Amino acid sequence: MVNNETELWLWWQRFVGSDRATFDALISRHREAHRRYHTETHVAWVLRHCRELLDDRPALPAITSNAPDAPSGDHDASRLVVAAAFWHDAVYDPTSSANEHHSAQLAARDLGALGWEQPAVERVVRAIEGTATHLDPADEVEAVLFDADLAVLGADPQGYRSYVDGVRFEYQHVADEAWRVGRAAVLHSFLGRDSIYATVGGRQRWQTRAVANLTAELASLN
């Protein structure tokens, strides 16, 4: 099994670029001390889930410890999804409500410096901005990114508990009662949707378990 950094570097070289300095700077952000869930491990899992969803077409070949093969299918959509996944939590300050916007702006700056064309950069930016709500994806890139980011809601109970504990650590500045109120509002917002997931693959893979996890957590807050 390859470690996260090796796996992420393979993704990067295939779909983003060859600049190691930009990669290292981005990964260092995901290693900030205040992070517990929103780390490079989260990025790796989001990328794996993106691959799952795009493989339904198929579009994105598997990542292994060996040098990756040439991509098949819709390479353009795949590279946009991968770039958005890399940058979607690049800026993460639990006291801020503008993380998605700042992450998107960082992606625009970095991708521009890497020579990406403006239309592609703009689609990546829109996808990252959209993770503020994970609602109403405008295209396949956004739908896949949103569902991959929310796949953890449909994890097994232990995986879901680890996710909740990680986020609570990141919000340790919030008092317990305020956390319960705010967290309950988040859970209600997801449970109030017709479907948590935008893609058929997301609904098939994670919807039932996600509803069970969210319902159980909500009951525990009361």
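The model is a predicted one. Most of α3 is covered, with 12 of its 16 residues buried; among them are Val43, Val46, Leu47, Leu53 and Leu54, together with the charged residues Glu40, Arg48 and Arg51.

Confidence deserves a brief look before the side chains are discussed. The protein chain has a mean pLDDT of 92, and 91% of its residues reach 70 or more. Residues 62-73 stay under 50, and for this stretch the model has 22 contacts beyond four places in sequence. Where pLDDT is low, the predicted coordinates should not be read in detail.

Salt bridges number 14 in the structure. In one of these, the side chains of Glu5 and Arg31 meet at 2.8 Å, N to O. Glu5 belongs to helix α1 (residues 4-15) and Arg31 to the loop between α2 (20-29) and α3, so this pair ties together parts that are 26 residues apart in sequence. Glu5 is partly exposed at 27% relative accessibility, and Arg31 is partly exposed at 46%. Arg31 also meets Glu40 in a salt bridge of 2.5 Å, N to O, and Glu40 counts as buried because its relative accessibility is 12%.

A further salt bridge joins Glu52 and Arg205 at 3.2 Å, N to O. Since Glu52 lies in helix α3 and Arg205 in helix α10 (residues 200-221), the pair ties together parts that are 153 residues apart in sequence. Salt bridges with shared partners join Glu5, Arg20, Asp24, Arg31 and Glu40 into one network.

How values were computed: Residues numbered from 1 in each chain as written. Predicted model: local features only at pLDDT ≥ 70, side-chain atom pairs only at ≥ 80, totals over all residues. Heavy atoms only, no water. Buried < 20%, exposed > 50% of the residue type's maximum accessible area, 1.4 Å probe, protein only. Helix = DSSP H or I, 4+ residues; strand = E, 2+ residues; numbered from the N terminus. pLDDT = per-residue confidence, 0-100. Contact = heavy atoms within 4.5 Å. Salt bridge = Lys/Arg side-chain N within 4 Å of Asp/Glu carboxyl O.
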